[in-house]
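Please read them with the sequence and the coordinates open beside you.

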Amino acid sequence: MNYFKGMIKCSCCGKNYNFKNNNNQYEYICQTRKNYGKSKCNSQIVKEEFLVNIISQHCNILDKDFTMGKLKLFVRFIEVDDNDILIYYKDGTVSKVTPNKIVF
Ligand SMILES: [Zn+2]
């Protein structure tokens, strides 16, 4: 299920991320990368499970009860590029995933 529809934006090319069912691994990929390949946009592919894990840990730390049904109550939008993932929450907090470190 495309839970993150319209919520993930590519910081490299500005397009939205598209949902992709890759052998029952739910992923999101930049529209440019999906249509024209990695040479046109090198933004990373993100697994849904990975995003859910970060968001749920973030909410846990803030003592908020997260379920997928509440996703849009908590998350404003997500930005992804070839290195980082930034998850912006409605309360102004941000989760930051870099190649070396995750700040929940
Ligand atoms: Zn892109």
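1. Is N24 buried or exposed? N24 has 5 other C-beta atoms within 10 Å and is therefore exposed, given that a residue is called exposed at 12 or fewer such neighbours, buried at 20 or more, and partly exposed in between, with C-beta atoms placed from the backbone. N24 lies in the loop between β2 and β3, and its phi is positive, about 65 degrees, although it is not a glycine.

2. Before going further, please note that this is a predicted model, in which local features need pLDDT of at least 70 and side-chain atom pairs count only at pLDDT 80 or more, while totals for chains, interfaces and linings use all residues. Residues are numbered from 1 along each chain as its sequence is written.

3. N23 also lies in the loop between β2 and β3, and its phi, near 50 degrees, is a positive value in a residue other than glycine. Most residues other than glycine have a negative phi. N23 counts as exposed because it has 5 C-beta neighbours inside 10 Å.

4. As for the overall fold, the chain has 3 helices and 8 strands, where helices (H or I, at least four residues) and strands (E, at least two) are DSSP runs numbered from the N terminus. Along the sequence these elements follow the pattern β-β-β-α-β-α-α-β-β-β-β. The radius of gyration, taken over C-alpha atoms, is 13 Å, close to the 13 Å that the globule rule (2.2 Å times the number of residues to the power 0.38) gives for 104 residues, so the chain is as compact as a globular protein of that length. The C-alpha trace spans about 40 × 25 × 20 Å along its principal axes, and 22% of the 104 residues count as buried.

5. An open sheet is formed by 3 strands in the order β2-β3-β4, with antiparallel pairing; two strands are said to pair if DSSP finds at least two bridges between them. Because β2 (17–22) and β4 (46–47) stand at the edges, each with a single partner strand, one side of each is left without a neighbour in the sheet. Between β2 and β3 there are 6 bridges, and N18 stands opposite I29 in β3.

6. Leaving aside residues up to four places away in sequence, Y17 is in contact (C-beta atoms, placed from the backbone, within 7 Å) with I8, K9, C10, Y28, I29, C30, Q31 and V80.

7. Strand β6 (residues 85–89) runs antiparallel to β7 and is joined to it by 4 bridges, with V97 in β7 as the bridge partner of I85. The two strands form a hairpin with 4 residues between them, and G92 in the turn has a positive phi of about 95 degrees.

8. A second hairpin runs through 4 residues from β7 to β8. Strand β8 (residues 102–103) pairs with β7 in the antiparallel sense over 2 bridges, and V97 stands opposite I102 in β8. In β7 (residues 94–97), S95 and V97 make up the covered face, whereas V94 and K96 make up the uncovered one. In a regular strand the side chains alternate between the two faces of the sheet.

Note on methods
Contact = placed C-beta atoms within 7 Å.
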